[in-house]
Amino acid sequence: MQNESLCSLECSSGELAKFLELTDRRIRKMAQEEIIPQFKRGRFQLQPTVMAYIKYIKDGGKSGTMRGGKSTTTCGTTTTLESEGTLAEEKAQLTRVQRKQAELKLQSARGEVHKSSDVKALVGGMIVTTRSRLLDIPAKLAPKLVGKKDLDAVKDAIEAEIVLALQSLVEYDPEPYRQRQKDYEGAENDAANVST
């Protein structure tokens, strides 16, 4: 074994596990996930396997490090590396995220979407206003309706006040949302100016 080159050294999953200070089960799982190359079933060539494991560690332990990308040949064994595939995938993902952000920004500028915190604040304000108006009805109507004998007139007066109080919930005004969007954009511009 001392005269053999590293390229021709073969070992079992158990031997490789001891060499890399891992469990045999972890070695088999890494081979199954194509993180390290198997030479034969349960057998590994030492040099390409160790190189693939080192690359896996350098990549932050990402699963499936050998899938896609560039192939390299070491000691007669072809090992697939993901470096080019990962970069292309990351760029594509970044482009998708940037496109999605641009779409959301455009929809927000058009008033088609709103931040949940804005909706919560503005709708919450509308509900508080409506609640206050509804609770004011008895105090407002009691003096007017005292002594009224016409039941229909009393019902109509109460109904009119309730409809008036609920009207604030029916009327949608996009302007407060637009104003909040302008405030956000202004804050972003201010932050950008401070950092430059």
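In this predicted model, the largest nonpolar core comprises 16 residues. Within this core, Leu 16, Ile 27, Ile 36 and Phe 44 have the most contacts. At least two core residues are supplied by each of helix H1 (13-20), helix H2 (24-32) and helix H3 (46-58). The largest share, 5 residues, comes from H3. A second, separate core consists of 5 residues, including Ile 137, Leu 141, Leu 145 and Val 154. In soluble globular proteins, nonpolar side chains tend to be buried together.

The surroundings of Ile 27 were examined with residues up to four places away in sequence left out. On this basis Ile 27 touches Ser 13, Leu 16, Ala 17, Leu 20 and Leu 22, as well as Ile 36 and Phe 44. Among these partners, Leu 16, Ile 36 and Phe 44 are also listed with Ile 27 as the residues having the most contacts inside the largest core.

Helix H3 contains 13 residues, which should span 18 Å at 1.5 Å a residue. The buried residues of H3 are Leu 46, Pro 48, Thr 49, Val 50, Ala 52, Tyr 53, Lys 55 and Tyr 56. Just after H3, Gly 60 adopts a positive phi of about 85°.

Phe 39 lies in the loop between H2 and strand E2 (43-45). The relative accessible area of Phe 39 is 37%, and the residue is therefore partly exposed, a class that lies between the limits of 20% for buried and 50% for exposed. Not counting residues up to four places away in sequence, Phe 39 touches Glu 10, Phe 44 and Gln 45. For Glu 10, which is 29 residues from Phe 39 along the chain, the separation of the two C-alpha atoms is 8.2 Å. Phe 44, another of these partners, is also in contact with Ile 27.

Ala 165 is placed in helix H6 (residues 151-170). Ala 165 counts as buried because its relative accessibility is 2%, where the cut-off is under 20%. With residues up to four places away in sequence not counted, the contacts of Ala 165 are Thr 130, Arg 133, Leu 134 and Ile 137. Of these, Ile 137 is a member of the second core.

Definitions and conventions: Residues are numbered from 1 along each chain as its sequence is written. This is a predicted model: local features need pLDDT of at least 70, side-chain atom pairs count only at pLDDT 80 or more; totals for chains, interfaces and linings use all residues. Side-chain values use heavy atoms; hydrogens and water are left out. Helices (H or I, at least four residues) and strands (E, at least two) are DSSP runs, numbered from the N terminus. Buried means under 20% relative accessible area, exposed over 50%, partly exposed in between (1.4 Å probe, protein chains only). Contact means heavy atoms within 4.5 Å. A nonpolar core is a set of buried Ala, Val, Leu, Ile, Met, Phe, Trp, Tyr and Cys residues joined through side-chain atoms within 4.5 Å. The expected span of a helix is 1.5 Å times one less than its number of residues.
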